[in-house]
Amino acid sequence: MPESPDLSAPSTGSASTGSAPTEPASTDSAFAAYAHPERLVSTQWLADQIEAGGVGGPDGIVVLESDEDVLLYDTGHIPGSLKLDWHQDLNDPVLRDYVDAEQFAAVMSARGVGRDSTVVIYGDKNNWWAAYALWVMSLFGHEDVRLLDGGRAKWSAEGRELTRDVPQVAPLAGDSAYPVVERDDAPIRAFKDDVLAHLGGPLVDVRSPGEYSGELLHMPDYPQEGAMRGGHIPGAKSVPWARAANEDGTFKSREDLEAIYLQEQGLSPADATIAYCRIGERSSHTWFVLTHLLGFDAVRNYDGSWTEWGNAVRVPVEQGAPK
Amino acid sequence: MTDTAVAQPVPLPAAMQEIADDFADLAAPQRLELLLEFSEGLPELPARYAGSLDTMEQVHECQSPIFLVVEVADEPADQPDDRAVHLFFSAPPEAPTTRGFAGILSEGLDGLTVAEVLAVPEDAPYRFSLGEAVSPLRLRGMVGMLSRIKRQVALKTRS
């Protein structure tokens, strides 16, 4: 058991450092009830920052778009934003793992992200890949990284500007380059052996009910990603990720989220908890909800998820609907 | 018989090979631009299919709601293999990669004969040099489209 990881680092003290153009707590009063409100920004807040010239340039906010569809950014994106592709930029091309410290530093520097930059991430599909990118940045300990509530869909639905202009960014180099910081997986990432050791503790399966019960081996309407067995990890609660989201893709209120995760499912913010899905993207969304909106102390995302567990030899599998 | 003879890949139809060559000539970022052009060039769904997606087949291998339908000409009646094949796709604008795959298949296959479409190799989607730029995982969507196109053509001509 790792010593109580401080996943909430940016919420304590960082607001007083002063020189940043944005006060973390000032994003939107609607977020105030969340455990770490500085982790979310509204579309209006972002539009205001763009209007005020606060996006891009030295010391500016860096806005990144991370989508399931690799071409979506190229069809038009939020002015000043840059593409961060989960597959091309964050995954190692050979090993099933994330990029290493040097690759990550290069990806960040190329986008003008410094270690102290405020980064806002948004994307398609209810911010799944945006949440996933935020989680990967958290593995590297980037402190100030936030999600755009409602993601790309909300921005578009509000008729806000999208552009095909790709900003020219001077890559950071020398002293201002992103530092080579080793990934620290242990606090927020679970591997298969960690899950085996955790059996009996709280687990959240965020896949669809059919995947949970074992009737389906992949999410509805999605490609088959090859699992030999269907079902779920024994003892896992079934809380499909979408239950945390409103119709417009924004997150539900803290009160509504507590009703689901605490009262209904009996999870506790003080317990070490593991979330998983199929490949780790939907569970990044739930990881964000539990960690940053509800203030759970120690949530890990099991990114191997069902594509690993459902193929592993002799790991325990449970089938059937939630009890 | 030698191993090299066995390993000869099945050739692509000429129009498809031309597209594959165009992609191969580009650097990875420009391949994405070309894919975007195919996405934007995907022909509109004809009015007779608009609003009736239930008459089309959903491609479940794709990560977005995409539907396709194949039409095979009636003539020549006595030579089913020589009848022309036409393809129609419905894919939303928020899924440009999937639309791009459909655009490649549309330009590469539309108007070919039944025999030519059925002879397209299953691995054709991997011959557009897109693995690096798009990722092999995402290419599975195009594999699903191609196999459904061939299956529909076979069903409509081989009964």
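Helices and strands here are DSSP runs, numbered from the N terminus. With that in hand, the loop between β4 (119-122) and α4 (128-139) of chain A is where you'll find A:Asn126. Keep in mind that this is a predicted model.

**Negative patch on chain B**
- Five acidic residues, B:Glu18, B:Asp21, B:Asp22, B:Asp25 and B:Glu107, come together on the surface as a patch of negative charge.
- The top contributor is helix α2 (residues 14-24) of chain B, which supplies 3 residues.
- B:Glu107 sits in helix α4 (residues 96-109) of chain B.
- With a relative accessible area of 51%, B:Glu107 counts as exposed, because the cut-off for exposed is over 50%.

**The sheet in chain B**
- Chain B has an open sheet of 3 strands, ordered β1-β2-β3, with antiparallel pairing.
- β1 (57-58) and β3 (85-90) of chain B are the edge strands, each with a single partner, so one side of each has no neighbour in the sheet.
- β1(B) and strand β2 (residues 67-72) of chain B run antiparallel and are joined by 2 bridges.
- B:Glu57 has B:Leu68 in β2(B) as its bridge partner.

- Most residues other than glycine have a negative phi, and most peptide bonds are trans.
- A:Asn126 isn't a glycine, yet its phi is positive, at about 60°; at 29% relative accessibility, A:Asn126 is partly exposed.
- B:Ser129 also has a positive phi of about 60° without being a glycine, and lies in the loop between α5 (114-118) and α6 (131-134) of chain B.
- The peptide bond from B:Glu75 to B:Pro76 is cis, with omega near -10°, and B:Pro76 belongs to the loop between β2 and β3 of chain B.

Conventions: Residues are numbered from 1 along each chain as its sequence is written. Chains are lettered from A and ligands numbered from 1 in the order in which they are written. This is a predicted model: local features need pLDDT of at least 70, side-chain atom pairs count only at pLDDT 80 or more; totals for chains, interfaces and linings use all residues. Side-chain values use heavy atoms; hydrogens and water are left out. Patches are made of residues with over 30% relative accessible area and no salt bridge: like charges are joined within 9 Å, nonpolar side chains (Val, Leu, Ile, Met, Phe, Trp, Tyr) within 5 Å. Accessible areas come from the Shrake-Rupley method with a 1.4 Å probe; for residues, only the protein chains shown count as cover. A salt bridge is a side-chain nitrogen of Lys or Arg within 4 Å of a carboxyl oxygen of Asp or Glu. Lys and Arg count as positive and Asp and Glu as negative; His and the chain ends are not counted. The place of a charge is taken as NZ of Lys, CZ of Arg, CG of Asp or CD of Glu. Helices (H or I, at least four residues) and strands (E, at least two) are DSSP runs, numbered from the N terminus. Buried means under 20% relative accessible area, exposed over 50%, partly exposed in between (1.4 Å probe, protein chains only). Two strands pair if DSSP finds at least two bridges between them.
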